[in-house]
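Please take a look at the chain below, and keep it in view as you read. We will begin with a single residue and then step back to the whole.

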Amino acid sequence: KVKLSVKRNSLDKLVDITITRAAIEMHSVEAAFMLDRNEKIGFIRLSQFSRTSYEEVRKALDRLRDEGMRSVIIDLRGNGGGYVSAAQEVASLWLDGDLVYEQRSKNGYQDDKGYARTGAAVLKDMKTVVLINGSTASASEIVAGALHDHGKAALIGEKSYGKGSVQALEKLRDGSVLRVTIAKW
């Protein structure tokens with residue numbers, strides 16, 4: 001519990017308020033609905049790539065397909081990225097064992113390729129549009145680029161952020177964290 005003392009303009013003295021700390025659950029899928037029921041177009045807003053992104057997207061897509069969805073718009077505008085493994089999993093919904101990303105380091109030690117899971121592409125024939133903007137970065141650019149490069153989605157919007165770097169987090173003795181760029185996508 002945390003005790004706050006708050007000053008209100010209407011009162012001369014401080015008012016004490018006690019609040020209880022709790023974990024705040026952040027969801028990757030902010031919205032999922034049928035955008036146009038006649039045309040059977042689904043819409044999914046994905047705000048980040050977290051550990052639960054694949055399950056959230058899969059659940060939303062399954063619900064929309066049950067409602068008759070025949071095409072989908074994936075909104076990655078403002079999505080600054082997240083876990084590359086989550087992006088790889090989400091891309092697996094469209095790509096069947098295809099290359100999702102290639103990571104190259106200057107020294108060759110961090111080189112890596114990530115492929116979509118084989119047999120997970122439940123949307124491989126689904127008409128898909130991906131919305132991007134200048135705040136679409138990192139893992140969201142990987143998904144948008146992979147779907148576009150493999151002919152699975154059209155990209156609509158603005159030029160994305162274009163970061164293209166892989167960062168590792170190095171914990172320092174004082175508890176702070178240093179982000180170190182180790183490779184490029």
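Let us start with Ser-138, a residue that is buried, with a relative accessible area of 12%. Here, buried means under 20% relative accessible area, exposed means over 50%, and partly exposed is in between, using a 1.4 Å probe and protein chains only. Ser-138 sits in the loop between strand S8 (127-132) and helix H3. Its backbone angle phi is near 55 degrees, a positive value in a residue other than glycine. Most residues other than glycine have a negative phi.

Before going further, a word on what you are looking at. This is a predicted model, in which local features need pLDDT of at least 70 and side-chain atom pairs count only at pLDDT 80 or more, while totals for chains, interfaces and linings use all residues. Residues are numbered from 1 along each chain as its sequence is written, and side-chain values use heavy atoms, with hydrogens and water left out.

Lys-40 also has a positive phi, near 60 degrees, and is likewise a residue other than glycine. You can find Lys-40 in the loop between S3 and S4. Lys-40 is partly exposed, with a relative accessible area of 25%.

Now step back to the whole chain. How many helices and strands does the chain have? There are three helices and eleven strands. Helices (H or I, at least four residues) and strands (E, at least two) are DSSP runs, numbered from the N terminus. If you read along the sequence, the pattern is β-β-β-β-α-β-α-β-β-β-α-β-β-β.

What about the overall dimensions? The C-alpha atoms fill a box of roughly 65 × 55 × 30 Å, taken along the principal axes. The radius of gyration of the chain is 21 Å, whereas a compact globule of 185 residues would have one near 16 Å. That radius is taken over C-alpha atoms, and the globule rule is 2.2 Å times the number of residues to the power 0.38. The C-alpha atoms of Ala-23 and Leu-99 are separated by 36 Å, and the two residues are 76 apart along the chain. Ala-23 counts as exposed, at 82% relative accessibility.

Of the 185 residues, 37% count as buried. The accessible surface of the chain comes to about 11,700 Å², and 49% of that belongs to carbon and sulfur atoms. Such areas come from the Shrake-Rupley method with a 1.4 Å probe, and for residues only the protein chains shown count as cover.

Helix H2 (residues 84-91) lets you see some burial in detail. Its buried residues are Ala-86, Ala-87, Gln-88, Val-90 and Ala-91. What do the buried residues of H2 pack against? Their partners are H1, strand S6 (99-103), strand S7 (112-115) and helix H3 (139-149). A contact means heavy atoms within 4.5 Å. Among contacts in the chain between residues at least 6 apart in sequence, 59% join residues at least 24 apart.

Finally, look at the charges. The chain has 29 positive and 24 negative side chains, and the centres of the two sets lie 5 Å apart. In this count Lys and Arg are positive and Asp and Glu are negative, while His and the chain ends are not counted. The place of a charge is taken as NZ of Lys, CZ of Arg, CG of Asp or CD of Glu.

The structure holds nine salt bridges. A salt bridge is a side-chain nitrogen of Lys or Arg within 4 Å of a carboxyl oxygen of Asp or Glu. One of them joins Lys-3 and Asp-16, with the closest N and O atoms 3.5 Å apart. Lys-3 lies in strand S1 (residues 2-6) and Asp-16 in strand S2 (residues 15-19), so this pair ties together parts that are 13 residues apart in sequence. Lys-3 is exposed at 58% relative accessibility, and Asp-16 is partly exposed at 46%.

Another salt bridge links Glu-67 with Arg-37, the closest N and O atoms being 3.1 Å apart. Glu-67 is in the loop between helix H1 (53-66) and strand S5 (71-75), and Arg-37 is in the loop between strand S3 (29-36) and strand S4 (41-46), so the pair ties together parts that are 30 residues apart in sequence.

Asp-75 and Arg-77 also form a salt bridge, with their closest N and O atoms 2.7 Å apart. Asp-75 is buried at 3% relative accessibility, whereas Arg-77 is partly exposed at 37%. Elsewhere, salt bridges that share partners join Arg-37, Arg-63 and Glu-67 into one network.
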